[in-house]
Amino acid sequence: MQHLKFARIQPKSKVFLQFRITLLMTDAPVWRVIQVPEEYTFWDLHAAIQDAMGWLDYHLHEFRHEQRPAGQSVRFGIPFDDAEMIDPDLVPCWKVNINEHFRRPGDKMYYAYDFGDNWVHEVLLEGVLLREKGLKLPRCIDGRRAAPPEDCGGPGGYADLLEALANPASEEHEEIVEWLNESNQNGQPFDPARFDIEKIKFTNPAKRLKKLLENL
């Protein structure tokens, strides 16, 4: 396969990167602060964002420098193998290290997830910090509110969902509650205000990538 080239493996750095991940296009703030190794690729960062936000990695994603796709800007994501769908500006995200694009606090990119619902996140580098011995990364150190449920229809659909959820008298309330219960992954009723940092568990990005490449 033509996309199996990987980023150059970098030695373990003495510093790590701290990001604030903010979900845009929602009225209520949804954000996480995560810390990751400097030697991460964009695939690794993708996996960390998914885990920290509570997304389930059901859909395609990409990183880009603009909030919305524009012109011939280079983007990092998962290319298709179908020749008719090859995007020359979409670089496999496992080929590029994040420290090539995040060098100093204030640098930012955008992470789009699920091109149907179009969830766009601002990925802001808050700090380049000295790595202490024994520090386990990645980790989430702060956040606010739950990420929207998968496949809820994007920002507009999520706003409608919250409105129906908050109004037991609405015609859609019972249907919304039933759908949320059926799609729930953690056994708890969906609460848009919930953020439990202790529930965040980071998966192994290398194992996730191996599974992905086996199916490409």
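Helices (H or I, at least four residues) and strands (E, at least two) are DSSP runs, numbered from the N terminus. This is a predicted model, in which local features need pLDDT of at least 70, side-chain atom pairs count only at pLDDT 80 or more, and totals for chains, interfaces and linings use all residues. Residues are numbered from 1 along each chain as its sequence is written, and side-chain values use heavy atoms, with hydrogens and water left out.

**Figure 1. Overview of the predicted fold.** The protein has 4 helices and 8 strands. From the N terminus on, the elements run β-β-α-β-β-β-β-β-β-α-α-α. Of its 216 residues, 47% are buried. Buried means under 20% relative accessible area, exposed over 50%, and partly exposed in between (1.4 Å probe, protein chains only). Contact means heavy atoms within 4.5 Å. Among contacts between residues at least 6 apart in sequence, 68% join residues at least 24 apart.

**Figure 2. The open sheet.** The sheet has 8 strands in the order β5-β4-β3-β6-β7-β1-β2-β8, with mixed pairing. Neighbouring strands are turned by 25 degrees against each other on average, direction ignored. Two strands pair if DSSP finds at least two bridges between them. Strands of a sheet pair through backbone hydrogen bonds, either parallel or antiparallel.

**Figure 3. Helix α1 across the sheet.** Helix α1 (residues 42-53) lies across β1 (15-23), β2 (31-37), β3 (61-64), β4, β6 (108-113) and β7 (119-130). The helix runs at about 140 degrees to β2. Axes are lines fitted to C-alpha atoms, for helices over the stretch in contact, and angles run from 0 to 180 degrees between N-to-C directions.

Figure 4. Look next at Leu45. Leaving aside neighbours within four places in sequence, Leu45 is in contact with Phe19, Ile34, Val36, Tyr40, Phe63, Ile98, Phe102 and Val123.

Figure 5. Rings of Phe, Tyr and Trp (its six-membered ring) pair if their centres lie within 6.5 Å; planes under 30 degrees apart count as stacked, over 60 as edge-to-face and the rest as tilted. The structure holds 9 aromatic pairs. The ring centres of Trp55 and Trp119 are 5.7 Å apart and their planes stand at 35 degrees, so this pair is tilted. Trp55 is in the loop between α1 and β3 and Trp119 in strand β7, 64 residues apart. Both Trp55 and Trp119 are buried. Phe63 and Tyr111 make another tilted pair, at 4.8 Å centre to centre and 45 degrees between the planes. Phe63 lies in strand β3 and Tyr111 in strand β6, so the pair ties together parts 48 residues apart in sequence. Phe19, Phe42, Phe63, Phe76, Phe102 and Tyr111 form one aromatic cluster. The charged end of Arg20 sits over the ring of Trp31, 4.3 Å from its centre. A charge sits over a ring if NZ of Lys or CZ of Arg is within 6 Å of the ring centre and within 35 degrees of the ring normal.

**Figure 6. Strand β3 and its partners.** In a regular strand the side chains alternate between the two faces of the sheet. His61 and Phe63 point one way from β3, Glu62 and Arg64 the other way, and all are buried. Strands β3 and β6 pair in the antiparallel sense over 4 bridges. Glu62 stands opposite Ala112 in β6. Strands β3 and β4 also pair in the antiparallel sense, over 2 bridges. The bridge partner of Phe63 in β4 is Phe76.

**Figure 7. The β4-β5 side and Val74.** Strand β4 (residues 75-77) pairs with β5 in the parallel sense over 3 bridges. Phe76 has Val91 as its bridge partner in β5. Val74 is in the loop between β3 and β4. Val74 is partly exposed, with a relative accessible area of 41%. Leaving aside neighbours within four places in sequence, Val74 is in contact with Asp89 and Val91. The C-alpha atoms of Val74 and Val91 are separated by 7.1 Å, and the two residues are 17 apart along the chain.
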